[in-house]
Amino acid sequence: MKVVICPTAERATALTARVIEQALRQKPDIALGLATGRTMEAVYGHLVRAHKEDGLDFSACRTFNLDEYAGIAPTSPHSYRTYMNAHLFSKVNVPLEATHVPDGMAPDMAAQCAAYEKAMRDSGGLGLQLLWLGENGHIGFNEPLSALTSRTRLVTLDPATRRQNVGMFDNDLEQVPHHAVTMGVGTIADARRTLMVVTGAAKAAILARVIEGPVTAGISATVLQMHADCLVIVDEAAAADLSCRPYIEYLMQHDPELKALLA
């Protein structure tokens, strides 16, 4: 796990977008694992600008989103399909048939989850998985006690997660679904590269546990400690509780990969 500390959230999201842009330019037919959320809006904004101003080409890539709410139709304004269409897919040249978001209304959820896993395998596996960190340490919707080997499945959302996401549902907690479809922890860990962006003081305590604490099913993001190619990009506020910060800063100055990234 390599960690980069940026002075601001804006710098963190810009750097995250640059990593994705580099991956797409190096392998135009890459299968990208994508995420949603307020932080990702800024990341996608940078990618849209790179497409419009610098010719970043999405035409050969395939995308697979981490998750979707159960019981929410793809056409709903609250769905992650609608989110992705609005913030990225409709603004770049990715073919819509190459974009994949779980269907929250699938009549056979188990069959859909198995098909989602197969589609990722058939695409050659995820080349890069973009992640954000939940306040309880989840990645995707892998809530506490998710098996570290878990695959795409239907899950019950933690009440804390429902409260955290209430802003997407007109601040009405009653509208927030109790269930979601998510890639599993094991599914995420199978990606050849993982990229997690974390911003804000509210994530500082849990980020320190993810990076410095034990690997545990109680905090699904700790599985990233075991990943062979994981980059974590954070802002100053999110990095506030990291005790290993002196070494992180040393690596940012001396690790060849990080030096090239930050040049």
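Where is Asn 171 found? Asn 171 sits in the loop between H5 and E8. The model described here is predicted.

Asp 170 has a positive phi of about 60°, although Asp 170 is not a glycine. For Asn 171, phi is near 60°, again a positive value in a residue other than glycine.

Are these residues buried or exposed? Asp 170 has a relative accessible area of 56% and is exposed. Asn 171 has a relative accessible area of 63% and is exposed as well. Both values are over 50%, the cut-off for counting a residue as exposed.

## The antiparallel sheet

The pairing of E7 with strand E8 (residues 179-182) is antiparallel and runs over four bridges. Within E8, His 179 is the residue that stands opposite Thr 156.

## The parallel sheet

A second open sheet is formed by seven strands with parallel pairing. In what order do the seven strands lie? The order is E1-E10-E9-E6-E2-E3-E5. E1 and strand E5 (99-100) stand at the edges; each has a single partner strand, so one side of each is left without a neighbour in the sheet.

The partner of E1 in this order is E10. E1 and E10 pair in the parallel sense, over five bridges. Opposite Val 4 stands Ile 233 in E10.

## Helix H7 and its cover

Helix H7 (residues 204-212) has several buried residues: Ala 204, Ile 206, Leu 207, Ala 208, Val 210 and Ile 211. What covers the buried residues of H7? The cover includes strand E1 (2-6), strand E9 (194-198) and strand E10 (230-235). These three strands also belong to the seven-stranded parallel sheet.

Thr 199 is in the loop between E9 and H7. Its relative accessibility is 17%, so Thr 199 counts as buried, the cut-off being under 20%. Leaving out residues up to four places away in sequence, Thr 199 touches Ala 9, Ala 12, Thr 39, Asp 235 and Ala 238.

## Packing of H1 against H2

Two packed helices are described by the angle between their axes and the distance between the axes. For helix H1 (residues 9-26) and helix H2 (residues 38-54), the angle is about 50° and the axes are 8 Å apart. H1 and H2 are therefore oblique to each other. The crossing in which H1 passes H2 is right-handed.

On the H1 side, the contact is made by Glu 10, Thr 13, Ala 14, Thr 16, Ala 17, Ile 20, Glu 21 and Arg 25. H2 contributes Thr 39, Ala 42, Val 43, His 46, Leu 47, Ala 50 and Asp 54. By class, this contact of H1 with H2 has seven nonpolar, four polar and four charged residues. Thr 39, one of the H2 residues in the contact, is also touched by Thr 199.

Terms used: Residues are numbered from 1 along each chain as its sequence is written. This is a predicted model: local features need pLDDT of at least 70, side-chain atom pairs count only at pLDDT 80 or more; totals for chains, interfaces and linings use all residues. Side-chain values use heavy atoms; hydrogens and water are left out. Two strands pair if DSSP finds at least two bridges between them. Helices (H or I, at least four residues) and strands (E, at least two) are DSSP runs, numbered from the N terminus. Axes are lines fitted to C-alpha atoms, for helices over the stretch in contact, and angles run from 0 to 180 degrees between N-to-C directions. Angles under 35 degrees count as roughly parallel, over 145 as roughly antiparallel, 65 to 115 as roughly perpendicular and the rest as oblique. A crossing is left-handed if the near helix is turned anticlockwise from the far one by less than a right angle, and right-handed if clockwise. Contact means heavy atoms within 4.5 Å. Ala, Val, Leu, Ile, Met, Phe, Trp, Tyr, Cys and Pro count as nonpolar, Asp, Glu, Lys and Arg as charged, and the others, Gly among them, as polar. Buried means under 20% relative accessible area, exposed over 50%, partly exposed in between (1.4 Å probe, protein chains only).
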